[in-house]
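Here are my notes on the model you sent. Please read them with the structure open.

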Amino acid sequence: MSDGLIRRREELGRARAALAAAGCDYALLSSLANVTYASQWEVPVPLGAGAELAWGGPLLLVAARDEAAWLIVPNGSESAARAEAAVDGIIGFETFDSFTATDARQSYLD
């Protein structure tokens, strides 16, 4: 892991330590501020039609006792998250697509 990535993961380490101290094994972070802080990826603020058509915003699943964190994002944000987030994995879910029939709700739940 590069020095830059190690520095970018300091916030994730702080979040993980706080969760472990609280007795958590895992946490699912959902607020824009918490996901942005721990992942180092600036979560887009939901505005306009995109916010109305999405079934869920980005989430961050953090293992409190292991070195693992997964960012769960709408597929429209997946490439930006992959480029910027300091996490172990990105899981994308389908959202509204005007060209392909999708069940955004079920994709989010899956």
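1. In this predicted model, the side chain of Arg 16 comes to 3.1 Å from the backbone oxygen of Ala 68. Arg 16 belongs to helix α2, residues 10–21. Its relative accessibility is 5%, so Arg 16 counts as buried; the cut-off for buried is under 20%.

2. What does Arg 16 touch, not counting residues up to four places away in sequence? The list consists of Arg 9, Val 62, Ala 63, Ala 64, Asp 66, Glu 67, Ala 68 and Ala 69.

3. From C-alpha to C-alpha, Ala 64 and Arg 16 are 4.6 Å apart in space, although 48 residues separate them in sequence. Leaving aside neighbours within four places in sequence, Ala 64 is in contact with Arg 16, Leu 19, Ala 20, Cys 24, Asp 25 and Tyr 26.

4. Which residues of α2 are buried? They are Glu 11, Leu 12, Ala 15, Arg 16 and Leu 19. These residues cover an arc of only 140° around the axis, so they sit on the same side of α2. An α-helix has 3.6 residues a turn, so residues three or four places apart point the same way.

5. The length of α2 agrees with expectation: at 1.5 Å a residue its 12 residues should span 16 Å, and its end C-alpha atoms are 16 Å apart. Just after α2, Gly 23 has a positive phi of about 90°.

6. Strand β1 covers residues 26–29; Ala 27 and Leu 29 are on its covered face, whereas Tyr 26 and Leu 28 are on the uncovered one. In a regular strand the side chains alternate between the two faces of the sheet. Strand β1 runs antiparallel to β2 (residues 59–63), and 4 bridges join the two. Within β2, Leu 60 is the bridge partner of Leu 29.

7. Leu 29 and Leu 60 turn up again in the largest nonpolar core, which has 19 residues. They are among the residues with the most contacts inside this core, together with Trp 41, Val 62, Leu 71, Val 87 and Ile 90. At least two core residues come from each of α2, β1, α3 (32–39), β2 and β3 (68–74).

8. Is Ser 79 buried or exposed? Ser 79 counts as exposed, because its relative accessibility is 57% and the cut-off for exposed is over 50%. Ser 79 is placed in helix α5, residues 78–84. The C-alpha atoms of Ser 79 and Ile 90 are 9.3 Å apart, with the two residues 11 apart in sequence.

9. For the chain as a whole, the secondary structure comes to 6 helices and 4 strands, in the order α-α-β-α-α-β-β-α-β-α along the sequence. Of the 110 residues, 34% are buried. Among contacts between residues at least 6 apart in sequence, 51% join residues at least 24 apart.

How values were computed: Residues are numbered from 1 along each chain as its sequence is written. This is a predicted model: local features need pLDDT of at least 70, side-chain atom pairs count only at pLDDT 80 or more; totals for chains, interfaces and linings use all residues. Side-chain values use heavy atoms; hydrogens and water are left out. Buried means under 20% relative accessible area, exposed over 50%, partly exposed in between (1.4 Å probe, protein chains only). Two strands pair if DSSP finds at least two bridges between them. A polar contact is a pair of N or O atoms within 3.5 Å; within protein, one must be able to donate a hydrogen and the other to accept it, and residues adjacent in sequence count only if both atoms are side-chain atoms. Contact means heavy atoms within 4.5 Å. The expected span of a helix is 1.5 Å times one less than its number of residues. The arc is that of the directions from the helix axis to the C-beta atoms. A nonpolar core is a set of buried Ala, Val, Leu, Ile, Met, Phe, Trp, Tyr and Cys residues joined through side-chain atoms within 4.5 Å.
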